[in-house]
Every structure is written in structure tokens, then in C-alpha cells.
Amino acid sequence: MGRVAELAGVSVRTLHHYDEIGLVRPSARTRAGYRAYAAGDVERLREVLAYRRLGFGLREVAELVGDPSVDAAAHLRRLRGLLLERRDRADAMVAAIDRELAARAKGVRMTPEEQLGMLGARLYDAIGGAYTATRRTDPRIAAQIRDALGDARTVLNVGAGTGSYEPSDRVVTAVEPSAVMRGQRPAGAAPCVAATAESLPFDDHSFDAAMAVSTVHHWRDPIAGLREMRRVARRVVVLTFDTDEPGWQDRFWLTRDYLPEFAGVLADLPPLAGMAAAIGARAETVPVPWDCADGLFEAYWRRPEAYLEDRVRRAMSVWTRVGPEAEQRAVRSLRDDLGSGRWAERNSGLAGLDAADLGLRLLTG
Ligand SMILES: C[S@@+](CC[C@H](N)C(=O)[O-])C[C@H]1O[C@@H](n2cnc3c(N)ncnc32)[C@H](O)[C@@H]1O
């Protein structure tokens with residue numbers, strides 16, 4: 001234990017504490033019968049210490065390293081993304097400080113917006129670290145996207161995130177503004193450019209097709225981004241959300257009964273008809289399978305207990321956008337209704353369904 005503590009730069013007391021709380025347990029034995037760290041324990045200790053150094057609390061670290069679906073390579077990618085994000089943010093802060101010092105030297109005062117702007121973070125730089133826990137390609141949604149891409153050979157994936165839904169049988173280029181998300185793209189994933197949809201750094205008609213999945217509602221200017229996609233590609237495929245129908249918030253029990261604030265999250269999303277018109281597209285429904293593999297907001301419509309899990313919610317931007325108060329209230333109320341049977345009573349019709357139309361639409365133009 002002493003040797004491991006020395007190598008890791010922590011005290012033996014810390015290692016004892018991790019052992020006591022079950023975070024990292026030395027599982028091997030020395031010849032003399034003392035407990036010792038096996039290779040897997042050292043790997044886990046390294047992950048624990050790295051997450052701690054990044055500022056995660058012990059409980060959060062336990063949740064992160066205790067997730068059986070995340071292997072060592074995935075942890076390394078996530079850590080890498082978090083570190084890159086830190087570096088990017090530090091670079092941006094240094095640049096902002098230099099600008100302010102230069103302005104001060106000329107007697108110019110920065111506005112409050114400019115002063116606070118240096119602290120600003122993009123949503124996905126803040127939450128992206130939790131994304132890979134549950135977000136991955138769902139094969140049925142992927143098949144619908146693949147059909148829509150038709151025979152396109154070169155494909156631009158805008159707002160690509162960690163690369164879900166990127167077809168492996170085409171030549172893909174990805175665009176992703178968040179360093180955290182870029183950092184978590186698997187080894188061998190398509191090359192990724194740091195840019196935004198609203199200003200794509202490509203010539204007109206550079207690609208056979210451009211695709212965007214579950215990202216348009218995050219864009220500062222969705223219509224401008226869609227027009228950019230139209231400019232750089234001959235075909236445009238977009239998975240987005242339909243808020244045209246009156247009462248659309250009532251399609252999903254989660255937003256209808258527990259989180260009415262969801263309407264505010266999509267308040268700036270243009271009407272589906274307007275988005276379709278921007279790319280000359282037709283819309284088709286994308287049903288959400290009951291066992292959807294991609295942990296998107298609507299994924300667990302038939303598995304309500306999942307929304308009680310913090311790691312499930314952390315990979316859905318909606319919860320961060322509505323804020324902790326609404327989140328806690330919604331979760332508390334859902335937990336109560338699941339316990340009392342009220343949820344089951346209200347949603348008895350769902351048990352027999354294999355897929356549901358919860359407003360996801362695929363635009364193809
Ligand atoms: C819900 S994730 C979807 C990622 C991926 N397409 C998927 O389906 O898993 C939304 C992504 O949009 C990105 N994003 C946010 N603003 C953007 C913008 N203006 N242009 C392009 N992407 C943006 C975020 O950084 C994030 O990675």
C-alpha cells in the first residue's frame with residue numbers, strides 16, 4: 001500500500017479511506033498474506049484520483065467508476081475530454097485577461113457582459129462528460145437515418161457529439177463545437193472539426209449529404225445552421241422535434257405530468273414547418289422504441305424508473321436547462337407516483353406499445 005501511495009502521490013490514509021468506503025479495494029494478496037493492489041485495482045485507483053483531481057466529489061467519482069458499462073478506455077477518453085475542455089477554457093480565460101489588461105492600459109473599461117463573458121461555458125462543455133454513460137446509437141433510429149442518407153458517399157455530421165449515428169460505411173467528416181464532446185470521440189472515429197452549424201468551414205456542395213441528429217435545438221440560430229447545411233451538401237437529413245401541433249407538450253407523460261418546464265427548453269426552436277422549408281424537406285415520424293438504446297430524453301417512456309437515476313438524467317441536457325429546482329421536484333413527484341401506483345394507473349396504455357411517437361421527426365431534403 002505504501003508503495004502505491006508513493007507512486008500515486010497520495011497518503012496511505014487516503015488509500016485506507018478508499019478501501020473502507022469500497023471505492024478502491026486491494027483485491028490481491030502478497031506471499032506473506034498482506035492485501036495488495038492487483039493491476040485492475042491500480043487502474044481503478046488511477047481513474048478515481050484523476051476524477052478527484054478534476055474536482056468531482058467522492059460520491060460522484062463512485063458513480064462514475066462504478067458504472068459497469070464504461071470500460072477503462074472509455075474512462076480515459078472521458079478524462080481526456082475533460083482535460084482538453086479545461087485547457088481550452090484556461091486558454092480562453094488567459095486571452096480574455098490579456099484583452100482586458102490591454103483595454104485597461106488604454107483607459108478603456110470593459111462592459112459587465114465582457115467581464116463576465118470570460119467565465120461563460122457552453123452547455124455541452126459543462127455536461128458533456130456524462131454523455132457517454134447512456135448515449136449511443138439506437139439501431140432502429142440509425143436505420144431510418146441511413147435510409148434517408150440514400151446513396152450519399154461523403155457525409156458531414158453536424159453537432160456530431162461523440163459520433164452516435166455516424167454511418168461506418170460512408171466517408172464521414174464531423175463538426176462539433178464542444179471540446180469535451182470532441183475529446184470523447186472513440187479512437188478511429190471520423191475526423192472532427194471544431195466549428196458550429198451556423199458557420200460551416202466548407203465550400204458549397206462539398207458533401208453528398210449533411211446530417212444533424214438531436215442537436216438543432218442547441219444551435220444559436222437553427223435556421224441559419226440548416227441553410228449552411230443546405231449550402232455545403234446536396235442532401236440534408238435532420239433529426240429534430242415537432243412543436244407545431246397544439247398541446248405537443250402532452251404527448252409525453254414526463255413533460256405533461258412532471259416537467260412542464262420542457263416547453264421553455266424548446267421555446268426558441270423554430271416550427272418544424274419553418275425548418276423543413278429552410279432545407280426543402282419532408283418530415284417523417286421517428287418512433288422511439290420501448291427499449292431505445294440511446295438514452296435521449298424520450299428514451300425511457302416505458303421504463304419510468306430510469307428517470308430517477310442521476311447518471312441517466314446527466315446525459316440529457318434538458319435537466320441542466322430546466323435547473324436543479326425543477327429537476328428535483330419532477331424526480332420527487334415521479335418517485336412518489338411510481339411508489340403509489342399512480343404513474344401506472346395514468347399510463348396503463350403504454351405497457352402494450354413497442355414504440356411511441358413522442359414528437360421526433362426526420363427531415364429529409
Ligand atoms: C444531444 S448532442 C447530440 C450529439 C450527436 N449528434 C448524437 O446524436 O449523439 C448535441 C450536440 O450539439 C452540439 N452543438 C451545440 N451547439 C451547436 C452548434 N451551434 N453547432 C453545432 N453543434 C452544436 C453540442 O456540443 C452537442 O455535442
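## Ground rules

Residue numbers start from 1 along each chain, following the sequence as written. Because the model is predicted, local features need pLDDT of at least 70 and side-chain atom pairs count only at pLDDT 80 or more, while totals for chains, interfaces and linings use all residues.

## Domains

Between domain 1 and domain 2, 4 residues of the former are in contact with 4 of the latter (contact: C-beta atoms, placed from the backbone, within 7 Å). On the domain 1 side there are 2 nonpolar, no polar and 2 charged residues. Here Ala, Val, Leu, Ile, Met, Phe, Trp, Tyr, Cys and Pro count as nonpolar, Asp, Glu, Lys and Arg as charged, and the others, Gly among them, as polar.

## Helices H3 and H4

Helices are DSSP runs (H or I, at least four residues), numbered from the N terminus. The axes of H3 (residues 39-53) and H4 (residues 58-65) come within 10 Å and cross at roughly 135 degrees, with axes fitted to C-alpha atoms over the stretch in contact and angles running from 0 to 180 degrees between N-to-C directions. That angle makes H3 oblique to H4 (under 35 degrees is roughly parallel, over 145 roughly antiparallel, 65 to 115 roughly perpendicular, and the rest oblique).

Arg44, Glu47, Val48, Tyr51 and Arg52 of H3 meet Val61, Leu64 and Val65 of H4. By class, this contact holds 5 nonpolar, no polar and 3 charged residues.

## Helices H10 and H13

Further along, H10 (residues 222-232) packs against H13 (residues 272-279) at about 30 degrees, their axes 8 Å apart. The two helices are therefore roughly parallel.

From H10, the contact uses Pro222, Ile223, Leu226, Arg227, Met229 and Arg230; H13 supplies Gly274, Met275, Ala278 and Ile279. These divide into 7 nonpolar, 1 polar and 2 charged residues.

## Around the ligand

Which residues come nearest to the ligand? Of the 21 residues around the ligand, they are Tyr124, Gly159, Gly161, Ser164 and Thr215 (near: C-beta atom, placed from the backbone, within 6 Å). The shell has 9 nonpolar, 8 polar and 4 charged residues.

Technical notes: Contact = placed C-beta atoms within 7 Å.
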